Amino acid sequence: MAPRESSHEPTSTPDPVEKGFATLATLRIGVKAFVEKDGEKRKAEILSMQTRRGKPTFYVHYEEFNKRLDEWIPAERIDLSREVEWPAPERPEKKKAVSTVSKSQPSKAETSKVPKNLKRARSKLDREISATPEATSVNLPGKTARPPKASGKENKEHIALVSTEVTDDSTPKADDEEMDLVDVQDAAAAAKAAPPETYSREDEIEKLRTSGSMTQNQTEISRVRNLDRVQMGQFEIEPWYFSPYPIDFTDAEMVYICEFCLGYFGEVMQFERHRTKCTLLHPPGNEIYRDDYVSFFEIDGRRQRTWCRNLCLLSKLFLDHKTLYYDVDPFLFYCMCTRDEHGFHLVGYFSKEKESAEGYNVACILTLPQYQRKGFGRLLIAFSYELSKREGKLGSPEKPLSDLGLLSYRVYWQETIVDILMDGRSEANVEDLGAMTAMTTTDVLHTLQNLNMLRYSKNQHVIVLTDAVIEQRERQKAKEKIKGKRTIDPDRLQWKPPVFTASSRTWNW
């Protein structure tokens, strides 16, 4: 069930909210009650209910807070002395619509064959409305949805009727800020009834803080987090989102993940037995970069399927918009690690399609939570563009980006472009900036517009380096001198663009 405040559907008058007192026996999904959180009473919506170890537990979402803070709570934390908000009843129009469809069926359809006919008619309608195979996706139990082409997206949902517009350009398109910041389905519905809204920078940051994720599929939103805690190396991590680990792990207090082979275990004895046998000390691929700080490994998803699938399961705990876990053959994985006497410890990674028809240089990117806010995300982004420079191509990350990913990329784009302009290494030309940085002209223009550095003069656009941008960059450089800043040295990169056959670029089942 999606949080109610995330809906962007236009409504003339809000529905009246029914309030009243509740007991544990009358609580149900959709009820909004006050819950104790960090010593305060906060309004939360109940998304799921379970009985764990003989006691009722509730999965709640705190209003006006990020979806990552959703959690399982015991009944004692719910304040039943205050009134709760009951969920709105279902609208009768939906039932009328269903009954109208059933009446329109032939007389034979009133027998036991009605469900089959309805199913066939619905599938036929979906095929007629959908202009491309990407528009629909049917997830069967036990099977993983596959993109219909070799250029399948690793972090992109395939949903029906989001948009009927088809683009034929091979270069990545610039998403509007509204489409970057709100759910695609809600935005598509709102766009039909209201003109597009414009957000200030403060509103944009607030929307990113509270929206939670960029997932396009409403069924993904309704999934509750299934793991409580994860131990990886010396760190204990609290997952953010659902990941399809075995259902047996749902009741486990701790899931143990080997930080080298990424194998997962529900019991500490099983994990300790595995550690005595596991001989892997680094990701199973070629080390293509090493400096005094980090190393990068290149792993082929087709050659190391098990390891890459385990990596996808791990990353799904922290990426709500990631959808593919098993079809890893068309992707290369570039893993960043730190080194010590025990081996190479995974810090983060990004995946990349072996052959991207849209020109994307990143399909999915993640820095593990225990290493965030330390500059590793910027290193991952910088390394992806170094690979694009070696390939002699312009690259852009695949859309949609998560909230943290969007902010990280915008910071990197701004710093890179402003540094080049301040140093005078390039003329004030969008094409030259893109060629020097391996960024697409769309991303360059998007960054210049955000910084208010584009001016229209003498029938042409001119790039202007404003005093405000220079002052902001000088302050950032002063902080970097104090804290220190790590960069990627292109001379240490030992890598050539790999060449693949047609079979190795697609799924091989």
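D70 sits in the loop between strands β4 (55–62) and β5 (71–74). Helices and strands here are DSSP runs, numbered from the N terminus: H or I of at least four residues for helices, E of at least two for strands. This is a predicted model, in which local features need pLDDT of at least 70, side-chain atom pairs count only at pLDDT 80 or more, and totals for chains, interfaces and linings use all residues. Residues are numbered from 1 along each chain as its sequence is written, and side-chain values use heavy atoms, with hydrogens and water left out.

Stay with D70. Its relative accessibility is 2%, so D70 counts as buried. Buried means under 20% relative accessible area, exposed over 50%, and partly exposed in between (1.4 Å probe, protein chains only). D70 and V60 are 10 residues apart along the chain, and their C-alpha atoms are separated by 5.6 Å. Leaving out residues up to four places away in sequence, D70 touches L47, Y59, V60, H61, Y62 and R225. Contact means heavy atoms within 4.5 Å.

Next come the rings. The structure holds 20 aromatic pairs. Rings of Phe, Tyr and Trp (its six-membered ring) pair if their centres lie within 6.5 Å; planes under 30 degrees apart count as stacked, over 60 as edge-to-face and the rest as tilted. F265 and F271 have ring centres 6.2 Å apart and planes at 55°, so this pair is tilted. Both F265 and F271 are buried.

Y289 and F383 make an edge-to-face pair, with 5.8 Å centre to centre and 70° between the planes. Y289 belongs to strand β12 (residues 286–290) and F383 to helix α9, so the pair ties together parts that are 94 residues apart in sequence. Y289 has 1% relative accessibility and therefore counts as buried. F383 is buried too, at 0%. Ring pairs link Y289, F296, Y334, F350 and F383 into a cluster.

Helix α9 also has a helix partner. Helix α9 (residues 376–391) packs against helix α10 (residues 403–423) at an angle of about 65°, with the axes 10 Å apart. Axes are lines fitted to C-alpha atoms, for helices over the stretch in contact, and angles run from 0 to 180 degrees between N-to-C directions. On the α9 side, the contact is made by R378, I381, A382, S384 and Y385. On the α10 side, S408, Y409, Y412, W413, E415 and T416 take part.
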